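Dear colleague,

Please find below the structure that I am handing over to you. My notes on it follow directly after.

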Amino acid sequence: MKKTLVVLAAGIGSRYGGIKQLDKVGPSGETIIDYSLFDAIDAGFNKVIFIIRKEIEKTFKEELGNKYEKHIKTEYVYQKIDDLLPGFLPPPERKKPWGTGHALLTCLPKVKEPFLIINADDFYGNDSFKKASIHLESFGLETVQSAMVGFMIRNTLSIHGTVSRGLCRVDNEDNLTSIKEIHGIHHKDGIIRSDSEHAIKSNEVASMNMWLFNPKVFKFAESYFKRFLKEKINLDGLEFYIPEIINNLILEEKTKVKVLRTTSEWFGVTYREDKPTVKEKIKQLVEKGLYPEQLWKHK
């Protein structure tokens with residue numbers, strides 16, 4: 001079965017400072033994207049689409065993309081501020097694209113099969129990709145189908161600052177019932193809290209933008225994005241996120257969203273200070289034999 005991996009790699013990384021997608025964290029200079037691609041290929045994905053900004057295309061291809069072409073079909077799409085639906089123009093003061101939901105729509109011409117979409121700067125682990133790959137095998141193409149890989153909130157935090165997470169409500173059949181973006185999540189006095197000081201249970205499910213879809217999602221995403229643009233195009237900095245698409249699909253009963261719970265540990269580089277921690281965790285995984293020291297040497 002054909003399965004595509006879509007990688008969200010257009011983010012500027014303002015809190016981090018620099019193009020963190022290209023930062024080297026592995027023992028032989030590997031990036032987090034390297035590990036995601038390694039795990040995805042191992043799990044049976046046979047095409048990758050990178051969503052990038054045009055201005056980093058040359059550097060991205062030279063440092064990352066060119067080496068993947070030896071192992072998996074590799075394509076690119078570009079997220080641009082002025083790439084909107086017919087009849088809409090961006091406000092002159094708009095400085096950045098329109099969020100992950102908008103990024104998803106840039107893939108429409110290239111995706112004809114079930115696919116998984118991930119962040120470029122998040123380490124998801126082998127189990128996550130295997131669970132996603134197996135679940136995609138159940139997807140047909142007649143009606144919209146979707147799922148997500150869920151992580152426990154306690155395994156998704158940074159010790160160097162607050163984070164925003166999509167907090168999930170899940171029924172007793174592991175179907176997602178709602179997702180809400182919570183900001184300012186942090187540890188305080190041994191308790192996980194939001195910026196409003198609301199306490200969060202450590203085992204609550206968080207979305208780390210690891211979504212499974214079939215191509216039918218694009219029809220609904222376009223409709224929801226059109227509504228977003230009509231209502232919010234002039235609201236400075238506001239973005240259209242994948243969870244907004246998901247919540248609308250659930251609310252309108254267009255699909256059930258199965259939550260796939262993973263045993264993988266998530267980690268990422270939200271802040272530059274996170275990098276040494278990420279490097280140490282990857283080193284430990286290599287020492288356990290879960291990854292080779294030179295990731296692509298024998299691939």
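Which residues in H5 meet which residues in H6? In this predicted model, Val217, Phe220, Ala221, Tyr224, Arg227 and Phe228 on the H5 side are in contact with Glu244, Ile245, Asn248 and Leu249 on the H6 side. Classified by residue type, this contact comprises seven nonpolar, one polar and two charged residues. Helix H5 spans residues 217–232 and helix H6 residues 242–251; they pack at an angle of about 105°, and their axes are 10 Å apart. Angles of 65 to 115 degrees count as roughly perpendicular, and H5 and H6 are therefore roughly perpendicular to each other.

The pairings of E11 are as follows:

- Strand E6 (residues 146–152) pairs with E11 in the antiparallel sense over six bridges; Gly150 stands opposite Ser207.
- Strand E4 (residues 115–119) runs antiparallel to E11 and is joined to it by three bridges; Leu116 has Leu212 as its bridge partner.
- Strand E7 (residues 163–170) is also antiparallel to E11, with two bridges; Leu167 stands opposite Ala206.

Finally, Pro90 is located in the loop between strand E3 (73–78) and helix H3 (100–106). Leaving aside residues up to four places away in sequence, Pro90 touches Ile81, Asp82, Leu84 and Trp98. Pro90 and Asn234 are 144 residues apart in sequence, while their C-alpha atoms are 8.1 Å apart in space.

With kind regards

Definitions and conventions: Residues numbered from 1 in each chain as written. Predicted model: local features only at pLDDT ≥ 70, side-chain atom pairs only at ≥ 80, totals over all residues. Heavy atoms only, no water. Axes fitted to C-alpha atoms, helices over the stretch in contact; angles between N-to-C directions. Helix = DSSP H or I, 4+ residues; strand = E, 2+ residues; numbered from the N terminus. Parallel < 35°, antiparallel > 145°, perpendicular 65-115°, else oblique. Contact = heavy atoms within 4.5 Å. Nonpolar A, V, L, I, M, F, W, Y, C, P; charged D, E, K, R; others polar. Pairing = 2+ DSSP bridges.
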